[in-house]
Every structure is written in C-alpha cells, then in structure tokens.
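Visitor: Please take me through this model one feature at a time. For each, I would like the general idea and then the case here.

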Amino acid sequence: MLRYLPLAAMLFASSAFAQEEVALKPGPDLDAVTTSCATCHTLNYIRMNSSFLTLDAWKAEVSKMREAYGAPIDDQTAAAITRYLSANYAAPPKS
Amino acid sequence: MKRRDMLAGLGGSVVAARAAHAADQSVWLSPQLPEGTRDVIRLETLPGKQPLIRLADRPPNYEAPISAFRTPVTPNEQFFVRYHLASIPAIDALGTWSLTVGGEAAERQITLRLEELQSGFEQVEVAAVCQCSGNRRGLSSPHVAGVEWGYGAMGCATWRGPRLRDVLAKVGAKADAIEVWFDGADGPVLATTPDFHKSLPIHKAMADEVIIATTMNGGKLPHLNGYPARVVVPGWTATYWMKHVTSIQVSRKPLDSFWMQKAYRVPAGMFAVDRPFPTQDNATTWPITDIVVNSLVADPIDGTRQPVDGFTVQGVAWDRGHGIRQVEVSLDGGETWKPADLGKDLGPFAFRAFTLRTGKLAPGKYAIASRATNNAGETQAAKLKFNPAGYHNNVPQQVAVTAA
C-alpha cells in the first residue's frame, strides 16, 4: 500500500511510535546496513542477535530478508551487509 | 476500510514512547539471554501501558517483567506487545474499522462494525493465556535467531466477544470448508514483504472456546493488543490470535502464506497436539499449535535475599486446555519436590496460580524451581527439546536465592 511513497515518507508514515536512534559499531559497509535493514526494523535486531550467529548464519539471515521478506537488496549490497555483520556481530570463530 | 485510509492519519499522530529511567527501575533479566540482547533491553512505557521490557521499538516488541505474573490475570497495562511488521494503524485511524466475513467456502459475505459484533451475537467470556510462540526463545541453547524473548511474552486475560462459529453461521460455511483465513489491519512496510496472514483448521475455528474479543479484562483492547477486535484462540499460541482483525474468510484450500508454510513450524511429532492441523503439515514440520504445559516462578526473583523465617514461592502454571492437576516446587534445584497449593480455577485455558510456603530455613543458598503437570498427565520437560525456532521451551526455570 505504500509502494509509491518515497523512502523518507514511508518511514515516517509507518512508525506510530518514536524510535531510538541505534548506533551500530563503526566500520566498513555500515552504510549498506543502515540503509537496507532500517527500512523495515530497528537496527537493534542486529545487536539483539549477537554474538552467537556465525558468518554462515548471518549470511542465511540476509538471504531470508531478501527471499522471504522481499527486501530489495542486490547481490553486492547483500555481500557488504554480510561482511559488516560477520566482522562486528558474529560469534567468535571456533578454535 | 481500505488500508490507505487508515494510514492517512498516521503522520499527525506520532506518539512518543516515554523512556523510563532504567536506573530508577530495576528489572531482572535472565543470564541465559544472549549478551547482545541484554545490551539492547530497556524498560520503556508505551502509551496506556506500564513499563515493559523493550526488545524492539520498531516493530514494537515488549514483554512483561516477571513480577507481572504474581496474579493469574495479567493487567492490560502489563500485557506484552508483539508485531512482526512495522506498519500499524494509529488508534484514531481504527475508528472506522470494520470486519469483512465471507470467502469462497461461504454462502455470502457480510461486513460488521464493532457495535454489531457486540450487539448482534451472544457475548461469551473466556479466560485464556495468550502466549507468543517464541516466548523464552532467548533462553534456547544453543541460541537461535529471532526476537530473543525472556519469560514475559505471555499474559492471561478474560476475553469477551462473540464466538467465531456464531459469526461464521451468519455467512454459512459450506460443507467443503477446510480452513478459516485471517488478516489484520497491520501490515508490512514494503509491498514486497508478505503481509501477516494466518489460518485455522475448520474444526478449531468452530470450537466453543474460540471468540472474536472486543473487550479484555472488562476494558477495551489496548491499541497494541489488537484494538478494536482480535481473534482469541484458547490453547493455541498467540500467532493465531489475529490483532485488529479485518478479514475472516472461509476457504476450501490451505492458506499459502509465508507465515503458515515457512514460519511458525515445529519438527513433526516433537510436541503433544490435541487438534491436528493436517492441511498445513508437511513431511518434516507441522505448524506450531497447542501450548505445552508450563509454569513460572514470579516471586521470589532470582538473585534476591530471603528471610530464614521462610518465604512464599508463588507463580502461575498453564497448558493447552486440559487444566493444571499439580504444581511442585523444589528448593534444591530439582532433587526433591513438594506439592504447591493451587489457587482458584479460572478455567482450563487460564493461568492457575500456585503458592508454597517454605517454612523456616537454614541460612544458605536455595535453587528454586517449579514443575507443573496437567490433567493429561504431561509434565514440563527436564531437558530442552531443541528446535530451530526456539519454540515451546518448558524446562523448569532456575531461581537462585540466599536465605539469611
């Protein structure tokens, strides 16, 4: 129902309640994460699911957002998001 | 009512969620929660609510603190809030709400306004637990992805409204109807995201206990608990309790929706089920349906100091509608158990309060746990039945206190 609205208007219209500004860890590819993920949900979903998901599990989450939830994210952006999440919010590699 | 019309008023009705001063109000969080979850949690007060534990503000996901379960009826102001999708009509926009009932396996279609739901049908009351399928997901070991709920994504209320089957009788369900499909006024941010649609098998939809609630504990439904009307499916997890329900369709086909066929699934046969849902089963998974037998110690709180003269262990127990036969309490981490006293029976789908007075205690550490058994003879699992979505965790919770 909101497909014709520009992004900024859509975000405003869809939030009935005030939102906390979430600061994720600084790092390469952070822009790809904030632009893509925050369209539909708080960035706290990322922090909440840390630090136990592995690189592969984060990759699966990004795929789920694209395939199941219809997030308009291209391959290049998806790779950038996965790089950022695995570098900043993933489980430490098993020794 | 078209969704476009409902959303039109949203821009002017942004309501600030008032952040509680976390330092002023302590809230207990399970040490089993993921580290990142413990970092994001805040106590926050939504409009019309008391402070709840915020997991997320968009979409809103808030659970009740454990202290809310010291009574078998959960106040509306402490009732948990859970949304998948962030486009939620403002309460003003719901003033023009109506409900369409019909479908391919119905003789006719009707549209009902709130007053018609409340005056055109027999009004029935049911006390029932509304529990998120993912309640306690954050305690799963190993952790699984999702909203990392602790113990409070549940509540018990007295719901009132017409029986779903009486409303369906007005449209005439045909003999070949197999499911009833539901949609609510909330929806996705992006048109490409699957809207939240759910279905019930026809036999559950027609069950005596299933109603369309227009009041909750004698008051209006709070905005974020489904105002003005929600489906109440006693015994089944909250995923079927469609909030702001706008459409009820009788169908001769299984609902083909992400929210039925991909999400809310459990391994086939892992958990006890009274009413199967064969039109949504596949070879390896079933839809989550019946709530498992469970209990919660609401007092004392983990990590507190208690008097050696003794104290009262109290909490609630519940199941999918068989009713609670017994609750036992252990003070030694499950080595030995004593039967607790059960409170008033509010009905088979409601919380059943329990209390146990410890008597005098030697100074030292005590590991409290509770364990419920239902009238079908089922008891809480001693060991987690791990499943990929972290559902149905009914392992007795551990509450460590020091008597001094």
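Visitor: What is the average pLDDT of chain A?

Guide: Chain A averages 85, and 80% of the residues score at least 70. This is a predicted model, in which local features need pLDDT of at least 70 and side-chain atom pairs count only at pLDDT 80 or more, while totals for chains, interfaces and linings use all residues. Residues are numbered from 1 along each chain as its sequence is written, and chains are lettered from A and ligands numbered from 1 in the order in which they are written.

Visitor: How many helices and strands does chain A have?

Guide: Helices (H or I, at least four residues) and strands (E, at least two) are DSSP runs, numbered from the N terminus. Chain A has 5 helices and 0 strands. Of its 95 residues, 31% are buried. A residue is buried if 20 or more other C-beta atoms lie within 10 Å of its own, exposed if 12 or fewer, and partly exposed in between, with C-beta atoms placed from the backbone. Among contacts in chain A between residues at least 6 apart in sequence, 61% join residues at least 24 apart.

Visitor: At what angle do helix 4 and helix 5 of chain A pack?

Guide: Axes are lines fitted to C-alpha atoms, for helices over the stretch in contact, and angles run from 0 to 180 degrees between N-to-C directions. For helix 4 (residues 55–67) and helix 5 (residues 75–88) of chain A the angle is about 140°, with the axes 9 Å apart. On the helix 4 side of chain A the contact includes A:Trp58 and A:Val62, and on the helix 5 side of chain A it includes A:Ile81 and A:Leu85. The residues of this contact divide into 6 nonpolar, 2 polar and 2 charged. Here Ala, Val, Leu, Ile, Met, Phe, Trp, Tyr, Cys and Pro count as nonpolar, Asp, Glu, Lys and Arg as charged, and the others, Gly among them, as polar.

Visitor: Now chain B. In what order do the strands of the open sheet of 4 strands come?

Guide: Strands of a sheet pair through backbone hydrogen bonds, either parallel or antiparallel. Two strands pair if DSSP finds at least two bridges between them. In chain B the order is 19-21-25-24, with antiparallel pairing. Strand 19 (294–299) and strand 24 (341–342) of chain B stand at the edges with a single partner strand each, so one side of each has no neighbour in the sheet. Strand 24 of chain B is joined to strand 25 (residues 352–357) by 2 bridges, and B:Asp341 has B:Thr355 as its bridge partner.

Visitor: Is strand 10 of chain B mostly covered or mostly uncovered?

Guide: Strand 10 (residues 179–184) of chain B is mostly covered, with 5 of its 6 residues buried. It pairs antiparallel with strand 11 (residues 197–201) of chain B over 5 bridges, and B:Glu179 stands opposite B:Pro201. Strand 10 of chain B also pairs antiparallel with strand 16 (residues 245–251) of chain B, over 6 bridges; there B:Gly184 stands opposite B:Val245.

Visitor: Is B:Gly364 buried or exposed?

Guide: B:Gly364 is in strand 26 (residues 364–374) of chain B, and it counts as exposed because it has 10 C-beta neighbours inside 10 Å. Its bridge partner in strand 27 of chain B is B:Ala403.

Methods
Contact = placed C-beta atoms within 7 Å. pLDDT = per-residue confidence, 0-100.
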